[in-house]
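Subject: Structure handover, with notes on salt bridges and a helix pair

Hello,

Here is the structure for your files. My notes on it follow below.

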Amino acid sequence: MQTFDFFSKHISLITPIPIYVAVFVLLICQGFSRQRLFRRRTQSTQTPADIKSGVSNDLYDRDQRLGSLITPDPSFSWRDSPQEVPREIKPGKYFLTMNLRKLDFNDYIIFDKQFLTEYRERQAIISKVGSEKIFVAEPNGGALDLCEETLNVTVDFLVTRYPSMFRRTERGVLCVDAGEEYDLVTRPWVRHPLEITCLLSGDDCILMRCCDDGVLRVAAVGLVYSLDIDWKSFIGKDLASIHIDARVPFYESTIQKSVDRYFLKLHPEKPVTRANWLTQVGPELRNDKFPDEYLRRVSTLPGNSITAETIIHDLYFRVERQTMRKLPSMHGVVFKFHLYATNIWDLEQEESVPRQFAAHIRGLPESVLRQKHCLECVHGILKVMDEMAERQEKKHGNRHQPASRSYI
Ligand SMILES: *[C@@H]1O[C@H](CO)[C@@H](O)[C@H](O)[C@H]1NC(C)=O
């Protein structure tokens, strides 16, 4: 099969996908199909035709309900909001778990002082690479409805929660700080609805459609901070095949059942969140330099001086803040993620993180380190972290025992 060949041939390129998609997506589906059984009363007996005839009432109720979940924060200032990178670092023996947490609806989309810089950077990437390579959907506009609904819920959220940043206009929505208005009315779309979604929210996203056979399949992607590859073959993939392609370690044995219960809660009004990390070389978020693969690539170049030791100086942790929710009116799921890159040396500014992170890494099996792209340079990473931890503990030693001690 062509798609399978594509994935196996490019497995080193593709390996970032599984991290934020594969395991997760599969679990989504499990939860999703259960949820279909226990579907909310309002939907349980409705056929698409019923839904159509009752649409205005449903939409009204829904908007009221969703609107009341959002507390406007009119004085919010992204400029005064420091970046808070979620650290998913559990010291001790490794278990593949999803670590899903309920997310306060108000935190469905969050902003920090990087907002405008990243907004501009993402615009520049889109115009350089081309919108059609970043926003990819089912052919023949099949997923356009899903993209439009995603944009709708995003704009609803943004103008309600952050009125100082986003305002509705006659024909669309204004991004106040950029002074740019996006047209939501003209058809065909002036810009792809996912492009507007990804620019305004600062997130990348994957939309999945629950098909008539009860299987979730990728319907559209908007991947600004990602690899420069052809995402077309990713569209239409179901969870099982994404999984096989992704070769997620330990998946089958552990994950499948243990997180089902979390996914039963998957619901338009109850987004869930988790975080994940990978390593990369350099700070760019649209990046194809992953340490293990990069080392292999440069090792054949004449005069190469990059080694598993020296690569540490340019090593960054690439963190995904993932959130997921069901779309209110259609059978779709939005899986979106915000990306952060932190230089390894900057972890020293985060209290007790180097010690805990080192303990976490020591608990990871080789297969997981490989998936995080840092198997080759993991000794260097641990050395740097231990040094940082010692400096932190020496500095604070007189005042109190660091909490992280218990993990040593
Ligand atoms: C999106 O919102 C517009 C304006 O409220 C509405 O007319 C349209 O039907 C919505 N689209 C979807 C797919 O929900």
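The side chains of Asp386 and Arg355 meet in a salt bridge, with N and O 4.0 Å apart; the term stands for a side-chain nitrogen of Lys or Arg within 4 Å of a carboxyl oxygen of Asp or Glu. This pair links distant parts of the chain, since Asp386 is in helix 17 (residues 378-397) and Arg355 in helix 15 (residues 353-362), 31 residues apart. Helices here are DSSP runs of H or I with at least four residues, strands are runs of E with at least two, and both are numbered from the N terminus.

Before the rest, a note on the source: this is a predicted model, where local features need pLDDT of at least 70, side-chain atom pairs count only at pLDDT 80 or more, and totals for chains, interfaces and linings use all residues. Residues are numbered from 1 along each chain as its sequence is written, and side-chain values use heavy atoms, with hydrogens and water left out.

Arg355 also forms a salt bridge with Glu393, at 2.8 Å from N to O. Arg355 lies in helix 15 and Glu393 in helix 17, so this pair ties together parts that are 38 residues apart in sequence. Asp386 is buried at 19% relative accessibility, Arg355 at 14% and Glu393 at 9%. Buried means under 20% relative accessible area, exposed over 50%, and partly exposed in between (1.4 Å probe, protein chains only). A network of salt bridges links Arg355, Arg362, Asp386 and Glu393.

The axes of helix 15 and helix 17 come within 7 Å and cross at roughly 150°; axes are lines fitted to C-alpha atoms over the stretch in contact, and angles run from 0 to 180 degrees between N-to-C directions. Helix 15 is therefore roughly antiparallel to helix 17, a label for angles over 145 degrees. Residues in the contact (heavy atoms within 4.5 Å) include Phe357 and Ile361 of helix 15, and Leu382 and Met385 of helix 17.

Elsewhere, Arg286 forms a salt bridge with Asp228, the closest N and O atoms being 3.2 Å apart. Arg286 lies in the loop between strand 8 (272-281) and helix 14 (291-299), and Asp228 in the loop between strand 7 (216-222) and helix 11 (239-246), so the pair ties together parts 58 residues apart in sequence. Arg286 is buried at 18%, whereas Asp228 is partly exposed at 47%.

By the same rule, the count comes to 20 salt bridges.

Regards

Note on methods:
Angles under 35 degrees count as roughly parallel, over 145 as roughly antiparallel, 65 to 115 as roughly perpendicular and the rest as oblique.
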